Amino acid sequence: MAVLNLSFSACGFMGIYQLGVLRAFLKHGKPMLRAVKGYAGASAGALVATVLVTAPDRVEHCKEFTYRFASEVRRQRLGAVTPGYDFMHALREGIEEILPLDAHEIAGDRLHISITHSRTRRNHLVSHFASREDLIKVLLASSFVPLYAGIKAVEYQGQTWMDGGLTDSLPIFPVGRTITVSPFSGPQDVCPRQAGLVNVRLKVANMNMMFSTENIIRLRRALFPATVKMRVAVSCQCGQNPGCRFSRKNT
């Protein structure tokens, strides 16, 4: 059997869609997941990949945290950029709640997280984590959007890093097939299938997406989450449906 890998795109608060896909994979695609050798992700996609690798039993907990986090950001007068609001602190608290104590050991050489060097703007994929704290720092770095999430980039191994989605928003493994998951309509294996200008695509940091009104709305919701829990829940269900179809077709 060909080597299988799984990659989740950068997508901000639209990560709730990917959690829906994850639920479907865990329910209907276990044979497929057993064949997966490498997992990758950028930004919110890195968080989803980490949950799948280290704490698949905590998907519901992760979903509830996403609801709370989105609601908290929405309550801020200027969203995440509201003066005095610490976006990264809130994210760290959620990560610490979800990850098991040995997450770094479970993730080692299986999980590949996309981060961007703040000075050179070069992409790095990190797959070895000396400690749980190192894993948390890399996840925070992969989610740090300058100005939106704060001013000071995340320090890791003596250097500063920021959102991996800025340089490689959908990591592809060099060996084998990479199954790609994204909440934006495009050529990815699992993504919303919607009408649009099919001959017009945007390439954003290594990820192709369809140019459509729906994708523009999704891009906005990635940074400015839906206003009520029901809309966020709908995004989760929207991910679960194509996830089910893909799992059944490939199992």
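Modeller: With burial: a residue is buried under 20% relative accessible area, exposed over 50% and partly exposed in between (1.4 Å probe, protein chains only). Serine 212 has a relative accessible area of 7%, so serine 212 is buried. This is a predicted model, where local features need pLDDT of at least 70, side-chain atom pairs count only at pLDDT 80 or more, and totals for chains, interfaces and linings use all residues. Residues are numbered from 1 along each chain as its sequence is written, and side-chain values use heavy atoms, without hydrogens and water.

Colleague: Where is the place of serine 212?

Modeller: Helices (H or I, at least four residues) and strands (E, at least two) are DSSP runs, numbered from the N terminus. Serine 212 sits in the loop between strand E9 (207–211) and helix H8 (213–223). A polar atom of its side chain lies 3.1 Å from the backbone nitrogen of asparagine 215.

Colleague: Is phenylalanine 211 buried or partly exposed?

Modeller: Phenylalanine 211 belongs to strand E9. Its relative accessible area is 35%, so phenylalanine 211 is partly exposed.

Colleague: Which strands does E2 pair with?

Modeller: Two strands pair if DSSP finds at least two bridges between them. Strand E1 (residues 4–8) runs parallel to E2, joined by five bridges; here asparagine 5 has glycine 38 of E2 as its bridge partner. E2 also pairs with strand E3 (residues 111–117) in the parallel sense, over four bridges, and tyrosine 39 has leucine 111 of E3 as its bridge partner.

Colleague: How many residues of E2 are buried?

Modeller: Six of the seven residues in strand E2 (residues 36–42) are buried, so the strand is mostly covered.

Note on methods:
A polar contact is a pair of N or O atoms within 3.5 Å; within protein, one must be able to donate a hydrogen and the other to accept it, and residues adjacent in sequence count only if both atoms are side-chain atoms.
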